[in-house]
Each structure stands twice: as C-alpha cells, then as structure tokens.
Amino acid sequence: MAKQLDPAWKIPEHVAIIMDGNGRWAKRRGLPRNMGHRQGGKAVEAICEDAYHLGIKYLTVYAFSTENWSRPQDEIAALMNLLRSYMKDCVRQAEKNKMRVKIIGDISKLDEDLQESIRNLVEKSKNNDGLCFQIALNYGGRDELLRAIQGICQDVKNEALEIEDISQNLIAAYLDTADVPDPDLLIRTSGEQRISNFLLWQLAYTEFYFPDVLWPDFTKDDLIDAIAYYNTRERRYGGVINV
C-alpha cells in the first residue's frame, strides 16, 4: 500500500538531493556503471513529478560535481551523453508539468552543444509556475563561493559596490541560487553521510536525512519517509525552543 502524507505535516519548501548509489546499484546487478546512471535519470524524472504533487516548491539535485571530472574518461563521456538525452526529455517534462528549470554551476566547461541545450531548456521553461527544479552541473560549493567572491571584488573594483555594502544577504545574491530559498531538507541516498562540496553556504540550517536506499531505487514512498523525518525535527536556527 502506497504511503500517504499526514495532513498535519509541514511540507519542506525546498528539498535538495545528493543522488548517490548509481554505480553500486549497477554493480549489485552485474551491470555496467552507466546503466546505473541511466536508471538514476529515470528516478529523477519520477521524483520531480512526485515532489510537485506532494507540495514541494523547489527541488535541487546534484547531477555532476566539479570533482567528477576525475572519473574515468569513458564514464564521463557516457554521463555527458546521458545528460544530452536528459536535457531533451526535460524540455517535454517541463512543458507537461509546468516545471521551471534552473542550472547551477559553471556550464562553460561543458561542450558547446550541451551548453546550448541547457540554455534552450532554461529559456523555454522560465515562465512556468510549477516546481522550480535546479540541476547542479559542474557544480562545487567552493567553486560557487569563489566565483561569488570574485564577482563582488570586481564590482568593488569598478566602484559599483563599497566594501561596507558586503553582507550575508549581498553574498547570497551573488551565488548561483540567488533567487531561491535555502534548502529545508537535504537527502543523500545510499547511506553516505557527507555533503561532498554541495551547497556549502545554503545548507547552514538545513535538516539532513541519510536513507540507505540507492538512488535508482528511490521512490515517492522514500520521499514521504524523508518528509516524515523532517517533521520530527525542531528547527531552531541557533535559537532556543520555548518549553
């Protein structure tokens, strides 16, 4: 029997996911790693739709990190080809579900045809009012902070900013996620318990959930379990809850 939300639960506005376990999923089945990534892509499509229907407004997934370039070249090539296919499918999914797609990370390092597909997807979906779906591509939290600092320094140099103008809000405005609220809940699948250079600034007060399920097996029921866990947490933001 499918799991249901408790009407009393608070739904996290923004959920971020580190989609871990594609390779292990394939290995357990005697399949090439690339098949795990392909199955993981199908799980992304399903979870986007599930998240929207459950009332989540923002979903961010870690698709390819700045550190993933160190993987074997054949795996990187397969991932890029899978990404090309996914970008085309995502255009249809975005149109069907009124999903707005954003990309965070430095896409200038990707092949030009892939950059063009990304720009096309973002442009076609920019006015949609459904789920805001952020895909982290060639993304690293430290790289994002570095680029933000460089942007601020350049604007100070150009006299567009004063040093005294620099605040937490201003730094946030220079990040890739400038117009998106910080995640309420981070899910990392496969049981690993680290954030791997993901959203370092934005996760300051996020709740973390680490299920053992491998990403290709992650379903709507697992997402509901994550929301249930989120509702057991007291979000204090450094303050004290009155007893």
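Tyr139 and Phe198 are both buried in this predicted model. Their rings form an edge-to-face pair, because the centres sit 6.0 Å apart and the planes meet at 90 degrees, and planes over 60 degrees apart count as edge-to-face. The two residues come from distant parts of the chain, 59 residues apart.

**Aromatic rings**

- Which residue joins Tyr139 and Phe198 in a cluster linked by ring pairs? That would be Tyr62.
- Another edge-to-face pair is made by Phe208 and Phe210, with 6.0 Å from centre to centre and 75 degrees between the ring planes.
- If you tally up the aromatic pairs, you get seven.

**How helices H2 and H7 meet**

- Helix H2 covers residues 33–54 and helix H7 covers residues 220–230. They pack with their axes 10 Å apart, at an angle of about 45 degrees.
- That angle is why H2 and H7 are called oblique to each other. For comparison, roughly parallel would need an angle under 35 degrees, and roughly perpendicular would need 65 to 115.
- The crossing of H2 past H7 is right-handed.
- Which residues make the contact? H2 brings Ile47, Asp50, Ala51 and Leu54, and H7 brings Lys220, Leu223, Ile224 and Ile227.
- Sort the residues of this contact by type and you find six nonpolar, two charged and no polar.

**A look at Tyr52**

- Tyr52 is part of helix H2.
- Its relative accessibility is 38%, so Tyr52 counts as partly exposed.
- Which residues does Tyr52 touch, once you skip its neighbours within four places in sequence? The contacts are Gly130 and Leu131.
- Asp143 is 91 residues from Tyr52 in sequence. In space, the two are 30 Å apart, C-alpha to C-alpha.

Notes:
Residues numbered from 1 in each chain as written. Predicted model: local features only at pLDDT ≥ 70, side-chain atom pairs only at ≥ 80, totals over all residues. Heavy atoms only, no water. Axes fitted to C-alpha atoms, helices over the stretch in contact; angles between N-to-C directions. Helix = DSSP H or I, 4+ residues; strand = E, 2+ residues; numbered from the N terminus. Parallel < 35°, antiparallel > 145°, perpendicular 65-115°, else oblique. Left-handed = near helix turned anticlockwise from the far one by under 90°. Contact = heavy atoms within 4.5 Å. Nonpolar A, V, L, I, M, F, W, Y, C, P; charged D, E, K, R; others polar. Phe/Tyr/Trp six-rings, centres within 6.5 Å; stacked < 30°, edge-to-face > 60°. Buried < 20%, exposed > 50% of the residue type's maximum accessible area, 1.4 Å probe, protein only.
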